[in-house]
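I open these notes to keep track of what I looked up, beginning with the overall fold and ending with the charged side chains.

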Amino acid sequence: MKSFEFIYTIIFLSIFSFNSFSQSNPGNFEKLNGKQFDKLSVKTIESIKNTHLFSPKKSLKIDSAFIDKKNEILDIYFPKSLSYYKFRENTVKKFTVAVRNAQKHKIRKKYTINCLIDSLPLYEYIPDLYRKTYALDSSRFEKRKKSTVQHVKNTDIPFKITKGLENRHITVWGGHGYYYSQKNKVWMWQRPNLYTTVEGMENLSYIVPYIIPMLENAGANVYYPKERDFNSDEYIIDIDNSRDKITMSANVKEVIGGFLLKDYYTDHENPFKEGNHLEMKSSKLSNKKDSVVYRFQVKKAGNYAVYVSYFKRKDNVSKVKYTVYHAGGKTDFAVNQQMGYSTWVYLGTFHFNEKKSKVVVYNTSEEAGTISSDAVKIGGGYTRIMRNGLLSPKPAYMNGARYYLQYAGMPDTAVYSLSKYTSDYKDDYRSRGEWVNYLTGGIYCHNRDSSIQGLNIPIDVSLSFHTDAGDTKNDSIIGTLAIHSTKGLKNERFFPDGRSRFASRDLCDIIETEVIKTLRSKYRNDWTSREIWDKKYSEATYPNIPSVLIELLSHENFEDEKFSLNPNFKFDASRAIYKGILKFIAYYNKTDYVVTPLPVKDFSINYKNKKFILSWEETIDKSEETAKPNAYIVYTKINDGGFNNGVLVKNKKFIFDKIKKGEIYSFKIKAVNKGGMSFDSEILSGCINNFEDTPILIVNGFSKVSSPDFVDTDSIGGFAYWNKSAVASGTEYSFTGFQYSFNKNDAWKSDFFPGHGASFSDYEEIRVVGNTFDYPYRHGKQFANLQLSFISTSAEAFEQNPETFSHFKTMDLIYGKQSNSMFNKNLKLKNYEVFSPAMRNALDKWLDKNKAIVISGAFIGKDVFLTHGKDSVRSNWVKNKLQYSVYSTWACQTGEVSGKNELLLSKKPSEEIYELRSVDALKPENGAKILYRYKENDFPACVIGNKNGYKVLSFGFPLESVIKNQDKLFKQITELLGLKN
């Protein structure tokens, strides 16, 4: 656990006397002019440069200097741009010593010398968090009383967060979205498609899959001014338009005021002011148990966001029970209806199948008051905001904040249309800061209209995440810029509650420091820190709470994009931002913090005595001592359902003894501590059709997530989708189409001809599947359909303890798109090779006579035999042990495979399974035989051998990528291996 010691002892240094820079008698000061100032300026700047505190490119100058000869004081004023540097106590000391040493002997020895920026001494630019000897600025600390009630709380989480972001409320958004251009009279992007993505979607690919979940896992309520659900389907259940889908108690009343669903909305229309809502008295007041049930049925099984809404009453209660019934069971929430009224309130995202589901609102409460219930929203859909007779053709999640905010009931001239409907482009980025103020309410939302009361949500901090413009012609990184504003719209230095706006500078500095530290330690030790600007950007200025705008990297620079398209980089950069926010909130609220753990590793399932034995290991976060787990949550899913709410376990082992024959059980793990919970582990599954069976052992060796391979020479550069395309962690939402301009000299002419990096846009609305980490379930389901039993393990767990699995006779080794990554190789990071030394050693111990192994993967030949710097030990081992080598890669374009069954492979990015740009043609070795061939060229696609007394069946493509006759293929595999049900 991390504790902060608050030091309030004021230590005065001779070079920094507060009384001297306060200038109690300004009349004694004389401004230095002419040669005198020029000489002081030249010598002082030269001395500062010799400290090497600043980049040689940094322009240093002095604005003015004033001398008080009577009191022996010299005040030197530096421009505001100097404040963009991240000052620390040691750098302030080094800087001021350099300034003193540059002065004349008399001044150097006798005078008090003050170095000032914007009339403030340098130490005021040191965040309180990093001060040890300088006095703390207490005005930067939180002024409001600590809230003990969250807006929305999942009451089924089986542990308590006490040192994370519990009871905290944070606003987050990313970049720009699809918007209507009044100038061009068309819906369009603000930026061009570059390097297989577009700025508006690239920002989203950090915010929604990474930053928001990290903050939520730490206990925070996170507010997002756009649609966070990626489904194109939306289901609205409301008393005005779907009365037949609502069941309510007799005591529930319909009341005027509330949401009204329409096909579209135009200027000035507020959906939450045109309909009706339902009300019931709390059980404390009525002595009756009442409820409202909203029923729905999705057309396609999947994960959907659930939103609720309610109306404002003077006697709204602070804890209302909601229950969401989903494919994994039911989950309860407590919602504080004294805040966040007449808008969409996000509960969570759940898996729903095609069966009927429901959301229930109860009146059970210990408070005497009213419980309101308005529309329930499932999924994302398309925007319903009409602009000049046109609706956006894109799903809602792709559109700008301005449109979602109107749909979510925000006031127009105070939030989403500050331009009075004349410029959606400007309204989109201006609206976000005012939305923060409206959420907070009261004095915080009076920038535009002092009569507006807002939604009473105690927002703690605001984060705006962007990527920036700019490119280089070499391998330089544009890098990270952070922006804040220490002055408000009217140049005021304090927020409405009296808190210093320097709190925003501290937040900005702390987050940027975490980001740079992380990226330099893990990726490039020269990752560029582009300073922390104090400028009046709307997203950093409008919010009346501590706020920051992060420009992580440049979406226009090829070298930056090599990193940005990598899922591990996204995770690490996002985790650094989360840690910066956590540390800021903890310190400035005088509390302790604990960082959430990393996901577990070495996960496995074993089977013994009619029980599944789950085990795993913790992953150590070497950069954060507090991020150690103290417990774990085990989640369970049955067949095609969803995961349940999980059970808490203290050890790294869990025994599941409720096995029913024929049911497929899937499990995932989260590590937890007092700060919150980790991301999910991979998903492992098991099924027992007969308790006396020896199950098939499925080993998941597909752990790869990566950016695409690339080409980079003096003249061309880009992402080589024809070689190894990107592998997303889960689903990729920012891929818009393949790159077509690789010429580095191809200059930008317009957004229609953007030059180098230009990419297609034909995949903009497709959610491209990467590594979903559930392939044991996909394979296992085929075995279960054949009445065969199976269990599964991660490759890492098998490699660690192959003896544990020695009694299993058949193995299905999944390699998917596992292969060396160019990105990882260049940075000397851990790579994703097939048949690593650890795997070869484990298989040497496991393989034996009368056993059988099925191997499948797109690169099981190329990665062993055709990669740069061939490994002869590995290639000889594969030839001798597994009886294959490789003829070629890129063996099939059509995806058609012929043999006993006619197969078809997934060859394009899709929403169902990852695509295969490249597959291997395998060469049989040592007597192995060919079973399948690629139809277009007759290259071998699958070989089988048994020279060593065990059967080896090797596929040059992943079995899970077969989209035609996959069931028949698995049946053939079991017959070839002699497996019987």
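This is a predicted model: local features need pLDDT of at least 70, side-chain atom pairs count only at pLDDT 80 or more; totals for chains, interfaces and linings use all residues.

Entry 1, a loop residue. With those terms I looked up Gln-103, which is found in the loop between helix H3 (89–101) and H4. Is Gln-103 buried or exposed? Gln-103 is buried, because its relative accessible area is 6% and the cut-off for buried is under 20%. I then took the C-alpha to C-alpha distance from Gln-103 to Leu-74, which comes to 10.0 Å in space for two residues that are 29 apart in sequence.

I counted 20 helices and 52 strands in the protein. The radius of gyration is 31 Å, close to the 30 Å that the globule rule gives for 981 residues, so the protein is as compact as a globular protein of that length. Along the principal axes, the C-alpha trace spans about 100 × 75 × 55 Å. As for burial, 63% of the 981 residues count as buried.

Which residues gather in a patch of positive charge on the surface? I find Lys-39, Lys-43, Lys-69, Lys-104, Lys-106 and Lys-110 there, and the elements that give two or more residues to this positive patch are helix H2 (34–49) and helix H4 (105–110).

Side chains of opposite charge can pair when their charged atoms come close.

One of the pairs I checked is Glu-274 with Lys-262, whose side chains meet at 3.7 Å, N to O. Both residues lie in the loop between strand S15 (253–256) and strand S16 (276–281), so the pair ties together parts that are twelve residues apart in sequence. Glu-274 is partly exposed at 31% relative accessibility, and Lys-262 is partly exposed as well, with a relative accessible area of 27%.

I next looked up Glu-617, which forms a salt bridge with Lys-652, the closest N and O atoms being 3.4 Å apart. Here Glu-617 belongs to strand S30 (residues 611–617) and Lys-652 to the loop between strand S32 (647–649) and strand S33 (653–656), so the link joins parts that are 35 residues apart in sequence. I record 36% relative accessibility for Glu-617, which counts as partly exposed, and 33% for Lys-652, which is partly exposed too.

The next pair is Glu-975 and Lys-900, with 3.5 Å from N to O in their salt bridge. Glu-975 sits in helix H20 (residues 966–976) and Lys-900 in the loop between strand S46 (896–898) and strand S47 (903–905), so this pair ties together parts that are 75 residues apart in sequence. Glu-975 counts as partly exposed at 42% relative accessibility, whereas Lys-900, at 57%, counts as exposed.

Last, I looked for salt bridges that share partners, and noted that they join Glu-124, Asp-128, Arg-131, Asp-137, Arg-140 and Asp-506 into one network.

How values were computed. Residues are numbered from 1 along each chain as its sequence is written. Side-chain values use heavy atoms; hydrogens and water are left out. Patches are made of residues with over 30% relative accessible area and no salt bridge: like charges are joined within 9 Å, nonpolar side chains (Val, Leu, Ile, Met, Phe, Trp, Tyr) within 5 Å. Accessible areas come from the Shrake-Rupley method with a 1.4 Å probe; for residues, only the protein chains shown count as cover. A salt bridge is a side-chain nitrogen of Lys or Arg within 4 Å of a carboxyl oxygen of Asp or Glu. Lys and Arg count as positive and Asp and Glu as negative; His and the chain ends are not counted. The place of a charge is taken as NZ of Lys, CZ of Arg, CG of Asp or CD of Glu. Helices (H or I, at least four residues) and strands (E, at least two) are DSSP runs, numbered from the N terminus. The radius of gyration is taken over C-alpha atoms; the globule rule is 2.2 Å times the number of residues to the power 0.38. Buried means under 20% relative accessible area, exposed over 50%, partly exposed in between (1.4 Å probe, protein chains only).
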